[in-house]
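Please look over the two-chain model below before reading on. The notes are meant to be read beside the structure.

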Amino acid sequence: MKTDDLIAHLSGDLAPAPPHYVGRVLAMGLGLGFLLSAILMLMAMGPRPDLALAMAGGAFWMKLAYTLSFAGLGLWLVERLGRSDASARKPTLLLLVPVILLLVVAVVQFMAPGVNRHQLVMGDSWRVCAIDILTLSVPVFVTVFWALRKLAPTRLTLAGAGAGLLAGAAGASVYAFHCVEYTAPFILIWYTTGIAAAALIGAGISRWALRW
Amino acid sequence: MIAAEAQYRDWMLAGLGGDRTAYSRLLAQLSGHLRAYFARRVGADAEDLVQETLIAIHTKRATYDPALPFTAWVHGIARYKLIDAFRRNKRRATVPLEDAPELFAHDEAEAAAARRDVEKLLAKLPPQKRDLVRAVKLEGHSIAEEAKARGVSETVVKVTVHRALKSLGQELGGHSEN
């Protein structure tokens, strides 16, 4: 086909572009991913038995705020990296903020006199925490990568890392309703490990998962 | 800022609203930029990449953020398609870092802008001199031809053109001696 014919063809059946396309595609992907992840958690792990009690205290919300802040920044990252040539510098730098805030709390808890430091860091579930987060992130991986493929990511490795971060953070947010750990050092180490691993996996699979 | 940015962005926004005329104009202009861009990088396969990129621009058009430069958006897609082609052909997949101006540097649109500049400059000459300069220097008529057409000697034509160019040179602040 000649290029002029192609141009005539492309502009011939031109329909108005859907407004807020990027936001709607991502919202759909992330919403569906959260839903599937929550169903997976309820079926495979179950919510923590003392959920109502935990929601009355601060530790639960600190944990959720930590994971949701990553989810928010991950969504921002994907929204930027899903467009050709948009800069993702700001959300990338902001990733440090929740880490630093939680680090301060973790140090305070760790330094407090008379605490069981081993318990503070390892809790009762350090062996499964990161793995469970990755498991719960799988549905979000699928839906977010599906959404991102509909956009125009041109730096695939970065976009994959952002999408992996988003999936990991969403999985961790869902996991927070199952996990009974409540100390800042535990969350800082094991939740961050789970989310970071998801980001690395996202970067690793980006070449074939995001190619368009 | 790339000279054509504002115009292309306008066309793009009109195209996103469903304006077919603006949109096909935009694609036609972009295909010129893309052809030059790919020809310098892949040679014979350039036209395939031009078409592939035009299709990508079309199918991904809803992802353009009007708050960002349109030319940079197009460049990002063109560069992505280039790298993708290199990967497909198992060629070394490094494309030097470059900015969008690279894509919009060499092509017909740039030449058109240059022509506009020349016309602006010529407008400063009196009408008779302007016509003569345009005929001899831009349209490629010979001095003999013009002398005959105007019923003056060739020397007069030569001197008139020379003086006109010299005054334009001074206008530009340079020292044009031919």
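This is a predicted model: local features need pLDDT of at least 70, side-chain atom pairs count only at pLDDT 80 or more; totals for chains, interfaces and linings use all residues.

The numbered points below take up the fold, the helix packing and the chain contact in turn.

1. Local features are discussed only where pLDDT is at least 70. Side-chain atom pairs need pLDDT 80 or more.

2. Overall make-up of chain A. Chain A holds 10 helices and 0 strands. Its order along the sequence is α-α-α-α-α-α-α-α-α-α. The C-alpha trace of chain A spans about 80 × 35 × 30 Å along its principal axes.

3. Helix 8 against helix 9 in chain A. Helix 8 covers residues 126-150 and helix 9 covers residues 156-175. Their axes come within 7 Å and cross at roughly 135°.

4. By class, the contact of helix 8 with helix 9 in chain A has 16 nonpolar, 3 polar and 1 charged residues.

5. Helix 9 against helix 10 in chain A. Helix 10 of chain A runs over residues 184-209. It packs on helix 9 of chain A at an angle of about 140°, with the axes 6 Å apart. That angle makes helix 9 of chain A oblique to helix 10 of chain A. The crossing of helix 9 and helix 10 of chain A is right-handed. The residues in this contact of helix 9 with helix 10 of chain A divide into 18 nonpolar, 8 polar and 1 charged.

6. The contact between the chains. Chain A puts in 21 residues and chain B 28 residues. On the side of chain A that touches chain B, helix 1 (3-12) and helix 2 (21-44) of chain A each supply at least two residues. Helix 1 of chain A gives the most to that side, with 6 residues. By class, the side of chain A that touches chain B has 14 nonpolar, 5 polar and 2 charged residues.

7. Helix 1 of chain A packs with helix 3 (residues 46-59) of chain B at an angle of about 5°, the axes being 10 Å apart. Helix 1 of chain A and helix 3 of chain B are therefore roughly parallel to each other. Thr3(A), Leu6(A), Ile7(A) and Leu10(A) in helix 1 of chain A meet Glu47(B), Val50(B), Gln51(B), Leu54(B) and His58(B) in helix 3 of chain B. These contact residues of helix 1 of chain A and helix 3 of chain B count 5 nonpolar, 3 polar and 1 charged.

8. Helix 4 of chain B. This helix (residues 70-88) has 19 residues. From its first C-alpha to its last, helix 4 of chain B reaches 27 Å, close to the 27 Å expected at 1.5 Å a residue. Just after helix 4 of chain B, Lys90(B) takes a positive phi of about 55°.

9. Domains of chain B. The domain assignment gives domain 1 (5-109) and domain 2 (124-172) in chain B. Taken over C-alpha atoms, the centres of domain 1 and domain 2 of chain B are separated by 41 Å.

Key: Residues are numbered from 1 along each chain as its sequence is written. Chains are lettered from A and ligands numbered from 1 in the order in which they are written. Helices (H or I, at least four residues) and strands (E, at least two) are DSSP runs, numbered from the N terminus. The expected span of a helix is 1.5 Å times one less than its number of residues. Domain bounds come from an automatic or database domain assignment. Two residues are in contact if their C-beta atoms, placed from the backbone, lie within 7 Å. Ala, Val, Leu, Ile, Met, Phe, Trp, Tyr, Cys and Pro count as nonpolar, Asp, Glu, Lys and Arg as charged, and the others, Gly among them, as polar. Axes are lines fitted to C-alpha atoms, for helices over the stretch in contact, and angles run from 0 to 180 degrees between N-to-C directions. Angles under 35 degrees count as roughly parallel, over 145 as roughly antiparallel, 65 to 115 as roughly perpendicular and the rest as oblique. A crossing is left-handed if the near helix is turned anticlockwise from the far one by less than a right angle, and right-handed if clockwise.
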